[in-house]
Amino acid sequence: MTRKVSNFSDLIQRVTASCLLHPLATAASGKEDENSHYDSEENRNEEYEEEDENEDYEEEEEYEYDEERAVGPLKALKVKQMEGLMEEVFETVSSMKRAYVRLQEAHSPWDPERMRAADVAVVTELRKLAVLRERFRRSGGGEGRRKGRRRGGGVASVREVVAPYEAVVEELKKEVKVKDLEVRNLREKLDSAVALTSNGSGEKKPGRSLSKRRLGIQAVAAVPTPELFEAAMVQVREASKSFTSLLLSLMHNAHWDITAAVRSIEAATASTDKYHNTSTTSIVSAHHAKYALESYISRKIFQGFDHETFYMDGSLSSLLNPDQFRRDCFTQYRDMKSMDPTELLGILPSCHFGKFCSKKYLAIVHPKMEESLFGNLEQHSQVQAGNHPRSEFYNEFLGVAKTVWLLHLLAFSLNPAPSQFEASRGAEFHQQYMDSVVKFSGGRVSAGQVVGFPVSPGFKLGNGSVIKARVYLIART
């Protein structure tokens with residue numbers, strides 16, 4: 001009995017243990033199920049988020065690909081346009097360089113027609129560059145700099161576009177100035193025509209004769225004539241007198257001993273003549289010093305007049321091809337007649353006329369003379385360096401130099417060329433070939449007068465007329 005009870009108790013313990021164990025296992029499994037469910041939910045959410053991210057990334061990649069696929073052809077087209085534009089730019093720059101080279105070549109030898117054509121070509125290429133630049137900007141080039149240029153770059157852009165037109169306007173202004181000088185020259189010719197129609201008493205000849213004379217003066221501009229040479233010689237004398245007066249006034253202001261200066265001029269003249277003055281006193285009176293100074297200037301500036309280049313080089317064109325040389329000389333005369341020598345030398349300082357001016361200035365104005373007159377040698381230094389000063393004194397000198405240069409061109413344009421002569425010191429006075437700078441009472445030179453010194457040369461022309469040499473007369477001793 002006791003053994004059954006113990007077995008029964010043991011059974012109850014086992015059942016009880018089993019019951020107690022079973023609910024606990026169910027709860028644990030419930031908890032585990034709950035946790036596993038939670039973990040699975042969380043994993044599912046993460047999977048969904050990853051799927052969403054992958055989908056977004058795929059959509060972005062697809063959008064970017066579509067954008068690149070759309071922009072690609074446009075970019076290629078733009079690059080192609082830029083390449084074509086750059087080719088045009090290089091071609092235009094090359095054309096402009098060639099035109100500029102032609103412009104430089106037209107300067108030596110001087111060819112106005114070639115210069116004008118080359119200048120037009122350069123301006124045309126500059127305009128093309130301006131158009132290409134504007135095309136580049138409109139096509140979107142340099143977009144990064146647009147904002148900065150909107151404020152201050154607009155003005156610069158306008159200036160660059162307008163620059164070629166301004167160059168053309170300046171060229172037209174120069175042409176207008178040349179035409180004005182030609183008009184002035186024609187007015188001078190008209191005044192000369194009126195003066196030549198006057199007789200010795202100052203009364204004008206009948207109107208019919210006047211019109212004929214005017215026609216004659218207008219015709220001389222087309223071909224070289226002895227009458228044109230005579231008119232040019234008158235201009236030489238007037239310019240020489242003006243420059244002499246200026247030089248003499250500067251000497252007075254510098255407190256020169258004019259009498260001593262005149263004696264040195266007389267001594268230089270006497271050394272080249274057979275006649276010598278042994279007296280220590282001057283043969284020129286004080287108020288006639290200007291004639292001695294003009295004689296000095298004339299002798300220096302006419303030296304070498306008989307040679308085609310004033311002996312500045314050994315050219316023999318007048319002998320090798322005389323007809324062509326005569327035509328060239330008259331063409332140069334007509335081109336230079338209406339030009340301002342200062343402007344000409346500003347453009348071409350080393351041309352033949354520029355070399356002539358430099359040579360004659362250095363021969364006339366000694367360094368000591370210039371230093372005494374102006375207190376320095378600035379003008380002398382500029383001339384030696386091949387430049388031409390812009391001073392009043394040098395401009396006055398250029399007036400004389402231009403008239404002598406034009407006279408020289410006319411002399412070598414005529415066929416036959418004028419024959420130059422000069423009165424010798426101490427020679428008898430011959431009214432047919434000489435003209436006294438000092439006027440005598442009654443208008444007639446008194447007997448017993450001889451040449452004290454020559455003032456300017458004379459010329460015998462091919463038509464038989466004579467341009468008298470100007471002389472300073474003194475009484476025979």
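**Exercise 1.** Is the crossing of helix 5 and helix 14 left-handed or right-handed? Describe how the two helices pack.

*Solution.* The model is predicted, with local features needing pLDDT of at least 70 and side-chain atom pairs pLDDT 80 or more, while totals for chains, interfaces and linings use all residues. Residues are numbered from 1 along each chain as its sequence is written, and side-chain values use heavy atoms, without hydrogens and water.

Step 1. Helices are DSSP runs (H or I, at least four residues), numbered from the N terminus.

Step 2. The crossing is left-handed: the near helix is turned anticlockwise from the far one by less than a right angle.

**Exercise 2.** Classify the ring pair of Phe 330 and Tyr 333, and state where the two residues lie.

*Solution.* Step 1. Rings of Phe, Tyr and Trp (its six-membered ring) pair if their centres lie within 6.5 Å, and planes under 30 degrees apart count as stacked. This rule gives 21 aromatic pairs.

Step 1. For Phe 330 and Tyr 333, the centres are 5.7 Å apart and the planes at 20 degrees, so the pair is stacked.

Step 2. Both residues belong to helix 9 (residues 322–337), three residues apart, about one turn of the helix.

Step 3. Phe 330 is buried at 7% relative accessible area (buried means under 20%, with a 1.4 Å probe and protein chains only). Tyr 333 is also buried, at 6%.

Methods:
Axes fitted to C-alpha atoms, helices over the stretch in contact; angles between N-to-C directions. Phe/Tyr/Trp six-rings, centres within 6.5 Å; stacked < 30°, edge-to-face > 60°. Buried < 20%, exposed > 50% of the residue type's maximum accessible area, 1.4 Å probe, protein only.
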